[in-house]
Amino acid sequence: MRMQEPVSLKAEMTGAELLIEALKKENVEVLFGYPGGAVLPLYDKLYDSGLFHVLAKHEQGGIHAAEGYARVSGKPGVVIATSGPGATNIVTGLADAMIDSLPLVVFTGQVASTVIGSDAFQEADVLGITMPITKYSYQVRDPKDFPRIVKEAFHIATTGRPGPVLIDIPKDMNTAIAQMEEDEPLNLPGYQPTYEPNAFQVRKLLDAIESAKKPVILAGAGVLHARANQELLEFAEKYELPVIHTLLGLGGFPFDHKLSLGWAGMHGNYTANMAIYESDLLISIGARFDDRVTGNLNHFAPNATVAHIDIDPAEIGKNVPTKIPIVGDAKAVLQELLAQQGKKGDYTEWFACLRERQIENPLWYEESKDDLKPQKVIEMVHEITNGDAIVTTDVGQHQMWAAQFYPFKKPNRLVTSGGLGTMGFGLPAAIGAQLAEKDTTVVAFLGDGGFQMTLQELGVIRELNLPVKVIILNNKSLGMVRQWQEIFYEERYSHSLIPNQPNIVKLAEAYDIKGYEASTEEEAAKVLQEAFSHDEPAVLNIHIAPGENVYPMVAPGKGLHEMVGVKP
Ligand SMILES: Cc1ncc(C[n+]2csc(CCOP(=O)(O)OP(=O)(O)O)c2C)c(N)n1
Ligand SMILES: [Mg+2]
């Protein structure tokens, strides 16, 4: 068979064989996929390729797993889906990866080139559907293009602002014959992301730092993508600048550092939000001023000179007027900031004010004898895992509590769907996270609603024997929806209360996974101890106080300074 011999140049190969060779060249460790008619020739070549393929239970599970893998490993997640329904099942994951800048290379099957446009069986215009939610996309028209396209796709997905790249493969391209050509160097004249910053702009920022009285850094996921946490630490310490995170930037700066103010936004720290509101110099690094971070833009950092560091020039000035734009990679920009001479200003009064706020207004929850509080459960998990776990979350109240009460020491430990807010993300993302770091404890905090959107991926956890600890913070409701209905819709709980729940322990057991249940603090302590004491997967159904709300909160339409629920 051709594939088992070493590949020589000018050897005749099928398109699918060329594709497999190209994937090996990219050192792909794992593919997440699901077969079907249009990708059968490709799956046939995968059969004895030696590549590790994870068969998801649903394509959405596959692509979220690839996202989790990408987030933790920093390498691109690779996905395969068949044409038509296979491809449309990954649309949510593409949109999620696009908005959270996660590198993915996604292969979709397509009907044969001869019948494209004829409404053939399982035909969908995947390029058309996914155009706005991919960084770039290809349709293979000639099998000899496979090596070039794959190489370009991995390059585009992982460089500049990372994102998903899609390669649509008409079925006949897999079997068409082409010759293995000599490796061509990359040639993408229209795609040249700017890594090195303009030194003059950097100078302007250093001057602004010297004259500022109330500076803050807002550090986003760009710091993590650029692996720039060490440079951020040096920069913040050198100029004594307080650091605030976005939700997706958590872990980019040690939470217990004296310069850390926590995270900003709708459910972030009061001190962080007020610091942004009162700042006279706001230095955003790899953050995109999402509305969940800024609140009402009319009240956002009204007195601040804004410096915006971003590798994507389209982000600068998009939401917030920017005085000092710096286009570049976060690591390269921070290195330049450290290389140039600069002086720190006098921030004594600023720090005194920030300290007082921090002491007066920590994150809080009311302890209760009768109810099990979700925040308490998360703190218990933090303690058991010594704060070293990789935490994936789904979307809702539990996601916010996890971000509030599981502080992170290191980068890329929080895997969460920030921009799209995709329910169903957390469980499959944990699969990818665990495959990226086999020896790290992975905890998935899920809501009872989101768990039921992708719970079939428990099958993958079992098959691969991944020791993921799935913790369902069960409030028998779509809690975040219920909270908004309580506060903004006069307690009219339209379709958010779910008293009739499936038996989650039995569900886990159906997948041959140990299930646990707890309704009190003592029970929770006991089942957590037990579940974390073994190397097997576990599903914990933790019944939490159903009426608990996430506070503090910036209501929609309000400014960051108008947080409510700052104190009990
Ligand atoms: C796919 C999808 N559908 C709907 C929503 C809207 N939504 C946001 S949070 C939420 C409730 C989530 O409930 P649950 O998973 O139980 O988590 P909880 O808020 O209770 O912690 C809903 C429905 C969403 N974010 N994603
Ligand atoms: Mg819930």
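Me: Which residue lies over the face of Tyr-516?
Reply: The model is a predicted one. A charge counts as sitting over a ring if NZ of Lys or CZ of Arg is within 6 Å of the ring centre and within 35 degrees of the ring normal. At 5.1 Å from the ring centre of Tyr-516, the residue over its face is Lys-514.

Me: How many aromatic pairs are found, and is the pair of Tyr-136 and Tyr-138 stacked or edge-to-face?
Reply: A search of the whole structure gives seven aromatic pairs. In one of them, Tyr-136 and Tyr-138 lie 5.0 Å apart, centre to centre, with 75° between the planes. Planes over 60 degrees apart count as edge-to-face, so this pair is edge-to-face.

Me: Which strands are the edge strands of the open sheet?
Reply: Six strands form this sheet, with parallel pairing, in the order S11-S10-S9-S12-S13-S14. An edge strand pairs on one side only, which applies to S11 (260-263) and S14 (324-327).

Me: In S11, which residue is the bridge partner of His-245?
Reply: Strand S10 (residues 243-245) runs parallel to S11, and two bridges join them. The partner of His-245 in S11 is Trp-263.

How values were computed:
Residues are numbered from 1 along each chain as its sequence is written. Chains are lettered from A and ligands numbered from 1 in the order in which they are written. This is a predicted model: local features need pLDDT of at least 70, side-chain atom pairs count only at pLDDT 80 or more; totals for chains, interfaces and linings use all residues. Side-chain values use heavy atoms; hydrogens and water are left out. Two strands pair if DSSP finds at least two bridges between them. Helices (H or I, at least four residues) and strands (E, at least two) are DSSP runs, numbered from the N terminus. Rings of Phe, Tyr and Trp (its six-membered ring) pair if their centres lie within 6.5 Å; planes under 30 degrees apart count as stacked, over 60 as edge-to-face and the rest as tilted.
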